[in-house]
Amino acid sequence: MKIYIDGEYYDKADAKVSVFDHGVLYGDGVFEGIRAYNGRVFRLEDHLSRLQDSANSILLKLPLPIKDIEKAILDTVRANGLKDAYIRLVVTRGVGDLGLDMRKCRSGATLFIIADKIELYPDEFYEKGLTLVTSTIRQKGLDQVTPSVKSLNYLANIMARAEATAAGAQEAIMLNAQGHVSECSGDNIFFIKKGKIFTPPTSAGILVGVTRQVVLELCSEKLGIKVVERNFPRYDLYSADEVFLTGTGAEVIAAVKIDGRSIGKAVAGPLTRQLIKCFREYARSHGTPVYEEAKVK
Ligand code: PXG
């Protein structure tokens with residue numbers, strides 16, 4: 001495996017950053033998780049634009065112009081000879097001293113890129129659906145570093161996911177301070193009731209998922225269904241016909257059990273199945289080509 005760090009490639013064992021990097025000392029940095037399907041990087045522009053927005057929001061100057069970061073991503077996938085990949089891009093504040101002051105990180109931000117094979121939910125989960133529990137950990141408020149910033153501070157999400165695992169579930173729902181559903185530890189959430197689709201708005205405190213955006217587009221353009229972005233309590237999930245999650249790793253996947261309640265018929269419902277199919281077809285035929293022979297549709 002070849003890992004990109006600040007313009008150089010390293011073997012896995014040698015791919016290291018300093019213990020004085022503020023990414024390590026304070027979780028001071030931002031990241032992206034991106035997928036490549038069959039030699040094309042999916043929604044690369046959307047991921048890079050979110051990276052730029054996250055960086056701006058924490059006063060972090062990216063070490064390279066976006067065009068050069070795009071090239072580094074494509075080069076890294078190519079250097080690893082991958083067609084289907086999970087790409088983790090991380091920008092840390094860089095090497096500083098043992099203090100919070102970001103001005104001490106004089107060498108500037110560090111960018112590293114890992115391109116690896118993808119680990120997915122087993123196929124059966126796409127038929128049977130996931131089990132969710134509500135986490136006791138609240139989503140960060142909008143008066144904190146907003147959840148829309150994909151920052152290196154993922155502890156709340158990690159602890160929420162640990163609660164799900166301890167309860168025998170795959171994902172955890174995070175409520176915001178108002179008690180509204182915001183998102184899951186690593187996925188956005190949607191529900192379907194009487195043919196209408198609902199999802200929390202950005203103002204509920206969510207990561208504005210790239211997959212979420214694609215699903216909004218596919219619903220309106222391919223399925224002719226409008227998605228309503230509004231706040232809702234857990235009750236709406238419990239009484240939904242279908243619930244599904246979206247994320248780069250999971251794509252689109254049904255949730256059929258929530259806090260011990262069965263949702264709909266307790267298997268992936270018809271609209272969710274249609275969306276899974278629609279998303280898969282779309283994701284596998286669109287994206288930025290990594291190798292010359294790949295053609296953009
Ligand atoms: N909310 C949170 C908190 C996330 O971390 C999403 C929503 C979905 O966003 P995208 O842009 O991916 O549609 C995420 C993304 C993993 C993994 O390894 C997690 C994510 C992405 C890729 C891999 O669990 N989370």
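A salt bridge is taken here as a side-chain nitrogen of Lys or Arg within 4 Å of a carboxyl oxygen of Asp or Glu. I note at the outset that the model I examined is predicted.

**Entry 1: Arg35 and Glu251**

I began with the pair Arg35 and Glu251, which forms a salt bridge with the closest N and O atoms 4.0 Å apart. I then looked up where the two partners sit in the chain: Arg35 belongs to strand β3, Glu251 belongs to strand β14 (residues 251-258), and 216 residues separate them. Arg35 has 3% relative accessibility and therefore counts as buried. Glu251 is also buried, as its relative accessible area is 4%.

I turned to the domain assignment, which divides the protein chain into domain 1 (2-116) and domain 2 (125-283). Domain 1 contributes 24 residues to the contact, and domain 2 contributes 20 residues. I recorded a distance of 27 Å between the C-alpha centres of domain 1 and domain 2. About 1700 Å² is buried between domain 1 and domain 2, and carbon and sulfur atoms give 61% of this area. On the side of domain 1, I listed Phe31, Arg43 and Arg50 as the residues that lose the most area to domain 2; together they make up 36% of what that side buries.

**Entry 2: Polar pairs and elements at the interface**

I looked up the charged pairs across the interface of domain 1 and domain 2 and found 2 salt bridges. Between domain 1 and domain 2 I also noted 11 residue pairs in polar contact. Four elements each supply at least two residues of the side of domain 1 that touches domain 2: α1 (22-26), β3 (29-37), α2 (44-57) and β5 (85-92). Strand β3 gives the largest share of that side, with 8 residues. Sorted by class, the side of domain 1 that touches domain 2 holds 10 nonpolar, 8 polar and 6 charged residues.

**Entry 3: Other salt bridges**

I searched the whole structure and found 20 salt bridges. Side chains of opposite charge can pair when their charged atoms come close. One of the pairs I examined is Asp75 with Lys71, whose closest N and O atoms are 2.8 Å apart. Asp75 and Lys71 are separated by about one helical turn, because they stand 4 residues apart in helix α3 (residues 66-79). Lys71 counts as exposed, at 52% relative accessibility. I also examined Arg230, which forms a salt bridge with Asp236 at 3.2 Å between the closest N and O atoms. Arg230 is partly exposed, at 31% relative accessibility, whereas Asp236 is buried, with a relative accessible area of 14%.

**Entry 4: Arg93**

Is Arg93 buried or exposed? Its relative accessible area is 7%, so Arg93 is buried. I then looked up the polar partners of Arg93. The side chain of Arg93 makes a polar contact with the side chain of Asp28 at 2.9 Å. A polar atom of the Arg93 side chain also lies 2.9 Å from the backbone oxygen of Ile58. Leaving aside neighbours within four places in sequence, I found Arg93 in contact with several residues, among them Asp21, His22, Leu60, Met102 and Cys105.

Conventions
Residues numbered from 1 in each chain as written. Predicted model: local features only at pLDDT ≥ 70, side-chain atom pairs only at ≥ 80, totals over all residues. Heavy atoms only, no water. Domains from an automatic or database assignment. Contact = heavy atoms within 4.5 Å. Buried area = accessible area lost by both parts, 1.4 Å probe. Polar contact = N/O pair within 3.5 Å; in protein donor to acceptor, adjacent residues only side chain to side chain. Nonpolar A, V, L, I, M, F, W, Y, C, P; charged D, E, K, R; others polar. Buried < 20%, exposed > 50% of the residue type's maximum accessible area, 1.4 Å probe, protein only.
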